[in-house]
Amino acid sequence: MIKIKKASDCRESDITPEPVYKKRREFMKTSSAIGTGLVLGGLQGNALAALDVSGFKKSGYTTDEELTEFKDATRYNNFYEFGTAKEDPASNAGNFNTDDWRISISGECDNPGVISLEDLMQGHTIEERVYRLRCVEAWSMVIPWLGVPLASILQQFKPNSRAKYVAFKTLLDPERMPGQQRSVLDWPYIEGLRMDEAMNPLTLLAVGMYGKPMPNQNGAPVRLVVPWKYGFKSIKSIVSIEFTETQPKTTWNILSPGEYGFYSNVNPEVSHPRWSQAKERRIGNFFRRDTVMFNGYADEVAAMYTGMDLKKQF
Ligand code: MTE
């Protein structure tokens, strides 16, 4: 049983974030579209039966910035397991079956195991946080994510003193994830964080967005959101979490180490070898804007990188 408050226990003002109030009509439009499954295939069937996220609580992590429209956030995705074009995941992930999802927790910890998503979330309140996601290709979005701080989840498994990093893995199943039938990436998709990054209060294990369970194309049923790093660190459809002593390998770094480093902190001063990272286009906006160091989260995260040369450790 998941001990979370039901939406009906709360006033609307308790559960609906301020920017959503302001865009009330759009929210209604989005919610009803989700309810009827009309917006996109990715929300039909099993996604609606996923983890109950209805009792989420509004958190202090929010912004006055306008939310990206739901249709853009769910139709312009990178999820190579369902194709390499931005519109592929919305077209191809509709039948992705996430029933009976299991996550293994292993490595340097006293309490390893294989558990269901419901078990993982048990005892935690799902909160809504409005975070920016800045992708390395210089586009960005503002999304109301639903999730639980990764730190509070990780602590359940009692990492030991050798746990210096956390490694994450996406499901490997070329039948359910047809993009894995092509060797465009080294499957399964893998990512990693340093322990202090994983434990940072901003790091979210997300199970939904826009008030609903995670759409398939956005990483159902569970994904990371690491808002001060480029989007590729936010690994989708996670099945494995491992505490490690050494720095884990990461998918994009394996593919192209000169372009994608382990840290991948949003940094306008460090260009990608093929383009500048100084500007970004918020999806839905015409004009580009200046990219901000750590994607605007410097106050919360800059101290973790004191003394590091972020041009070398990009
Ligand atoms: N996770 C997996 N498993 N496979 C992927 O291809 N793409 C990453 C990241 N997580 C990716 C992934 C990249 S490049 C980005 S920008 C974000 O997911 C996109 O997240 P979104 O679809 O929610 O915008």
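Is Lys233 buried or exposed? Select Lys233: the residue is buried, with a relative accessible area of 1%. Buried means under 20% relative accessible area, exposed over 50%, and partly exposed in between (1.4 Å probe, protein chains only).

Before going on, note that this is a predicted model, in which local features need pLDDT of at least 70 and side-chain atom pairs count only at pLDDT 80 or more, while totals for chains, interfaces and linings use all residues. Residues are numbered from 1 along each chain as its sequence is written, and side-chain values use heavy atoms, with hydrogens and water left out.

**Stop 1: Glu191 and Lys233**

Glu191 makes a salt bridge with Lys233, with the closest N and O atoms 2.7 Å apart. Glu191 is in strand β7 (residues 190–194) and Lys233 in the loop between β10 (223–225) and β11 (238–244), so the pair ties together parts 42 residues apart in sequence. Glu191 is also buried, at 1% relative accessibility. A salt bridge here is a side-chain nitrogen of Lys or Arg within 4 Å of a carboxyl oxygen of Asp or Glu; the count by this rule is 17. Helices (H or I, at least four residues) and strands (E, at least two) are DSSP runs, numbered from the N terminus.

**Stop 2: Glu259 and Arg274**

Next, select Glu259 and Arg274, which form a salt bridge with their closest N and O atoms 2.6 Å apart. Both residues lie in the loop between α9 (251–255) and β12, so the pair ties together parts that are 15 residues apart in sequence. Arg274 counts as exposed, at 57% relative accessibility.

**Stop 3: strand β12**

Arg282 and Glu280 meet in a salt bridge (3.5 Å, N to O). Salt bridges with shared partners join Glu65, Arg132, Arg134, Glu280, Arg282 and Arg289 into one network.

Now show the neighbouring strands. Strands pair if DSSP finds at least two bridges between them. Strand β5 (residues 139–149) runs parallel to β12, joined by two bridges, and Trp139 has Arg281 as its bridge partner. Strand β13 (residues 289–290) runs antiparallel to β12, also with two bridges; Lys279 stands opposite Asp290 there. The hairpin of β12 and β13 has six residues between the strands, and Gly284 takes a positive phi near 100°.

**Stop 4: β2 and β3**

Finally, select Ser104, which stands opposite Val114 in β3. Strands β2 and β3 form a hairpin with five residues between them.
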